[in-house]
Amino acid sequence: MPLDLARLDLRDALDLAILMEAEAQQRYLDFSKLVGGRYPGDAADVFKLMASYEEKHGAQLTARRRSLFQDAPSRVSLEMLDDVEAPDRGQPRVFMSARDAVEVAIRSEEKAWTFFDEALRQVQDPDVRALFTELRAEEADHKKLLTARLAGLPAGPDLTEEEADAPGSDAG
């Protein structure tokens, strides 16, 4: 059943945001395994770092939800929001560069920003509007941080063809 954003209350909105963070965290962890870790700062490390950010943000939202609603059951499920913030499943590839991984993360933050921006057009509840406005701003901040990190990364592939084909290389 699709989620009716116009009917969200604050509890549902917090549950939605928590699920979004959990989905993104798991996707980044999956990506880190798919691309494989070869050296410090590679694409796998970028994805692990992003997973840790999603985990931290999810924990903050969970604490906030618990303080407001204790252990009230969630009425929102992951099936209602697939791929809202999580990076697209087809993005990772073996030997992708750290730069490529950061670009994947930037697109994910842009996707989440767009979700909250579009949701704000439908949401009526003032508390939900305030939460979504806050979350949209956080997504913009995340994009700025990632863009700054991107500026410090070299352009081009992770490995040259010669490096990938070299004897003893995991790529060859």
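Trainee: Where is the place of Ala 43?

Mentor: Ala 43 sits in helix α2. This is a predicted model, where local features need pLDDT of at least 70, side-chain atom pairs count only at pLDDT 80 or more, and totals for chains, interfaces and linings use all residues. Residues are numbered from 1 along each chain as its sequence is written, and side-chain values use heavy atoms, with hydrogens and water left out.

Trainee: Why does Ala 43 count as buried?

Mentor: Buried means under 20% relative accessible area, exposed means over 50%, and partly exposed lies in between, using a 1.4 Å probe and protein chains only. Ala 43 has 1% relative accessibility, so Ala 43 counts as buried. Of the 172 residues of the chain, 40% count as buried.

Trainee: And why is Asp 9 called partly exposed?

Mentor: Its relative accessible area is 27%, so Asp 9 falls in the partly exposed class. Asp 9 is in the segment before α1 (10-35). Between Asp 9 and Val 128 there are 6.3 Å in space, C-alpha to C-alpha, though they are 119 residues apart in sequence.

Trainee: Why are α3 and α4 called roughly antiparallel?

Mentor: Axes are lines fitted to C-alpha atoms, for helices over the stretch in contact, and angles run from 0 to 180 degrees between N-to-C directions. Under 35 degrees is roughly parallel, over 145 roughly antiparallel, 65 to 115 roughly perpendicular, and the rest oblique. Helix α3 (residues 98-120) and helix α4 (residues 126-151) pack at about 160°, with axes 9 Å apart. They are therefore roughly antiparallel.

Trainee: Which helix gives the largest share of the lining of the largest pocket?

Mentor: That is α2, with seven residues. A pocket is an open set of points on a 1 Å grid over the protein atoms alone, where a 1.4 Å probe fits, with protein on both sides within 12 Å along at least five of seven lines; lining residues have an atom within 4 Å of a point. The largest pocket is lined by 13 residues, and Leu 49, Met 50, Tyr 53, His 142 and Leu 145 lie nearest its centre.

Technical notes. Helix = DSSP H or I, 4+ residues; strand = E, 2+ residues; numbered from the N terminus.
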